[in-house]
Structure formats: structure tokens, C-alpha cells
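The following paragraphs consider an aromatic pair and a helix packing in turn. Please consult the sequence and the structure shown here while reading.

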Amino acid sequence: GGSASLSGTLHGIGGEAADQVIDLLPTGSSLAVVMASDAPIDLIPQPTADLNLARGVVHDAKLSGRATDLYSSLRHAVDILQHHPAARREIYFITDAQAAGFHQFGNIQQTLEETHGDIKTTFILTRNKIDQNVGVTALHMSAGLCVVGQPIRFDVQVKNFAETETRDVRVTLTVD
């Protein structure tokens, strides 16, 4: 049977697009699931024939506030498939196509060209609107000095990328 690696951002797309991909897979297919973030997140790291498990994992996946790097997830998906013997290997990228995820477009294009003979890659662009999509666009230290054991203040800029107005956004800074 075929083998596929499903990767994409879950912002605003839920599981509907993933359900459609899984429904179209040939009988006997196995599926790995990778969520694209600033680094790939393995939801199902090695291809499994349990497609219902894959469907459930996609539906239960939690969104993160991290940036999206589609290139690193593409490379990870390619690595998974290159170590998995199958007559047919495919990657389905389900994405809302935000430009930030394609910031390494040249590397994405090169990887697709290098692997197109062995691995078929399909991009599925979703049009779902995002009700809440805010991100930190700037972070600056308020004071000029940082002293060990003393509190320090930061100025943070948060931008709303959705059409819906957002108020009282909680921002958390974590060190290490």
C-alpha cells in the first residue's frame, strides 16, 4: 500500500481537510502525522496503518502560539518517508498559507525538486477564517541593564492578524 506523511498548521483548519485526505488514501496505506511549528512536532512519528488513530490525533491536536516553519517540517516528513519502505510515498501539506511559514521558500522549492521523483507532495490550502490570531511582533527590554536576581521590565508589542477585535490578551514570557 501507499504511505503518506501529513503535515501542516492547525490554525483555523480543524480536522476537516485532514479527514478528506485520509478518506482518499488507498486501502492498506499507512500514515505519519507531523504538525508544523517552529520545529516539527511528531503526533505520530512513524507511519501507522491505523487511520482512525491518525484521524483522532489530528482532531485532538492542540494549537500552539509558536511560529510556523514549513521547511523544517517538510525536511522531517521527507526523512520519515525515506526510511519507510513503500511502493508509493506522499506528503500532504495542509496549511492556511500564511506567508511567515514560507520564509524559507527557496529551500522548500529545492527540497521538492530533489524529492519529486520518489515522493509526491501535495499542498492543500485552506480558506478558513481565523477568529483569533494574535502574535508578538516586538519585545524590548525597558531598562538598559539586566542585573541577576533583580526584576526586569519588558515592552511587548502584540499584533492582531484576524478580522475579529481582540481585547485583554495575556502574554507570558518564559526564560530557558
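F93 is buried, at a relative accessible area of 1%, whereas F123 is partly exposed at 30%; buried means under 20% relative accessible area, exposed over 50% and partly exposed in between, with a 1.4 Å probe and protein chains only. The model is a predicted one, in which local features need pLDDT of at least 70 and side-chain atom pairs count only at pLDDT 80 or more, while totals for chains, interfaces and linings use all residues. Residues are numbered from 1 along each chain as its sequence is written, and side-chain values use heavy atoms, leaving out hydrogens and water.

A search of the whole structure finds one aromatic pair. F93 and F123 form this pair, which is stacked, with 5.1 Å centre to centre and 5° between the planes; rings of Phe, Tyr and Trp (its six-membered ring) pair if their centres lie within 6.5 Å, and planes under 30 degrees apart count as stacked, over 60 as edge-to-face and the rest as tilted. The pair links distant parts of the chain, since F93 lies in strand 4 (residues 88–95) and F123 in strand 5 (residues 119–125), 30 residues apart. Strands (E, at least two residues) and helices (H or I, at least four) are DSSP runs, numbered from the N terminus.

Helix 3 (residues 70–82) packs against helix 4 (residues 105–115) at an angle of about 20°, with the axes 9 Å apart. Axes are lines fitted to C-alpha atoms, for helices over the stretch in contact, and angles run from 0 to 180 degrees between N-to-C directions. Helix 3 and helix 4 are therefore roughly parallel, as angles under 35 degrees count as roughly parallel, over 145 as roughly antiparallel, 65 to 115 as roughly perpendicular and the rest as oblique.
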